[in-house]
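Visitor: Could you take me through a close look at one part of this structure, and then follow the contacts between charged side chains from there? I would like the criteria stated as you go.

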Amino acid sequence: MAYPEYWNPKNETLPREELQALQLLKLRRLCEWAYATTPFHQRKFDAAGFKPEQIKTLDDLRRIPFMTREEWMESLMEKPLFGDLLATDSRNAIRYHLTSGTTGRTPIRVLDSMKDWDWINEMWCYGIWGFGVRPEDIVYFAFGYGSFIGFWGAHYACEKLGALVIPGGAQTTEARIKQIIELGVTTVFSTPTYALHLWQKSMEMGIDLARESKVNKVILSGEPAGSIPAVKHQLEEAWGARCGDTAGMTEIGTIMIFECSHQPGGTHIIEDHFIEEVLNPNSDEPVGYGELGERIVTSFGRGFIPLIRYRTKDMVMKVPASTCTCGRTWDIYSGGIRGRWDDMKLIRGTNVYPRAVEAIIREYPAIDEFQIYIWRKEELQDEITIKLEIKTGHEAEWPDLEHKLTKDLASAHEGLRFNIERMDYGVLPHFELKAKRLVDARPLANY
Ligand SMILES: [Zn+2]
């Protein structure tokens, strides 16, 4: 059956002037709603001398104070459990969720209403329809269905568009692989790390997913790796399927960006429901197309917790919608979310981004698991060591690989010398969900 290409043909192809007019209208309403209902925003607007009626053009957005995770945390600590960010009585909520907290930080707690959930699912519908999920698809969620919001919204979105949904839930990886094959699954939702793990495990089981499964789409979320070309390529080969990147945040409850089926090397921004600014993180001045900056998000959809000019610390590079041939008028983050500004490590005067290092390491298919280990030599000099494991059967490649990888890493980092250390197979932690491959073992500065 022939389906339309877009989930929302009108808004996804709206001329940009009309799109901006719509954003302006929604922005003004959002500020009025937040000011009238949410003590957190009342406090902040008053302190900044900002009034919602000052929003007359989209540029007036810059009058609104930023919102940070730190302020959110402070509010949660002062007024447990939810701080003063709720726009309505907590009794109106139908669901409680948490940020994943994988970075060792205290998780943020959120509540949502039925109406919020309708919106959360709708945002996922834009993304997964855009990547080609259709009512005929049999969809598998390799997801634990816990307090972490993860793929909950995607689950409902698949039901909403009429696909058959199989909730993977708490099962072993082996059991999941068996289900994927047995039930004729065509679409898998997973983090990039777990999608790789499923593939590795299937090989140990003597199963070739590319041949023996019917999977033709893998939809990735939860980690930036979904837009790293080498990771994507590896996953597409392994699964014999197209891999589509998406990104969301618990602070928003859903995705803001998705890769369409034309795979333009990045992710469209859902601009009828979000304003995504890209700013220089030091000067807070906007940067242009093709320049790296921090993404600042304003969300129009979540009524329970209004999110306005939220500093994400995500590193992005915006390019115009015309970069993609799909016809959407929504701008694109080239390379998806490229990492986090606070992930940047300074090693002997050179900036090192773990995601950039990962992208280089992933160019070597013989490398299995790895770790970026930062340490201090003789209490003086910072060192960076890549600890890695070589895949069984690829041991002979090691001497050559060591030499080439050292050269590649140095040339991408102004000549900075990386140490390479080969570990025995199985020594490094292997990750099933969100990967934590960076260890900074330098002593904390003592003032
Ligand atoms: Zn597109």
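Guide: What follows begins with the metal site and then turns to the salt bridges. The model is a predicted one, in which local features need pLDDT of at least 70 and side-chain atom pairs count only at pLDDT 80 or more, while totals for chains, interfaces and linings use all residues. Residues are numbered from 1 along each chain as its sequence is written, and side-chain values use heavy atoms, with hydrogens and water left out.

The zinc ion is coordinated by Cys-260 (SG), His-268 (NE2), Cys-324 (SG) and Cys-326 (SG), at 2.1 to 2.3 Å, where donors are N, O and S atoms within 2.8 Å of the metal (3.2 Å for Na, K and Ca) and, water not being among the atoms, sites may look incomplete. The angles among the four donor atoms are 100 to 120 degrees, and the site is tetrahedral, a label given to four donors if all angles lie between 85 and 135 degrees. Along the chain, the donors of the zinc ion follow the spacing C-x7-H-x55-C-x1-C. His-268 lies in strand E9 (residues 266-269) and Cys-326 in the loop between strand E12 (307-319) and strand E13 (332-334), so this pair ties together parts that are 58 residues apart in sequence; strands (E, at least two residues) are DSSP runs, numbered from the N terminus. His-268 counts as buried at 0% relative accessibility, as does Cys-326 at 4%, buried meaning under 20% relative accessible area, exposed over 50% and partly exposed in between (1.4 Å probe, protein chains only).

Turning to charged side chains, a salt bridge is a side-chain nitrogen of Lys or Arg within 4 Å of a carboxyl oxygen of Asp or Glu, and by this rule the count comes to 33 salt bridges. In one of them, Arg-295 pairs with Glu-276, the closest N and O atoms being 2.7 Å apart. Arg-295 lies in strand E11 (residues 292-299) and Glu-276 in strand E10 (residues 274-279), so the pair ties together parts that are 19 residues apart in sequence, and both residues are buried. Arg-311 forms a salt bridge with Asp-284, with the closest N and O atoms 2.9 Å apart; this pair links distant parts of the chain, Arg-311 being in strand E12 and Asp-284 in the loop between E10 and E11, 27 residues apart. Here Arg-311 counts as buried at 16% relative accessibility, whereas Asp-284 is partly exposed at 24%.

Key
Four donors count as tetrahedral if all angles lie between 85 and 135 degrees; four count as square planar and six as octahedral if opposite donors are over 155 degrees apart and all others between 65 and 115; anything else is irregular. Helices (H or I, at least four residues) and strands (E, at least two) are DSSP runs, numbered from the N terminus.
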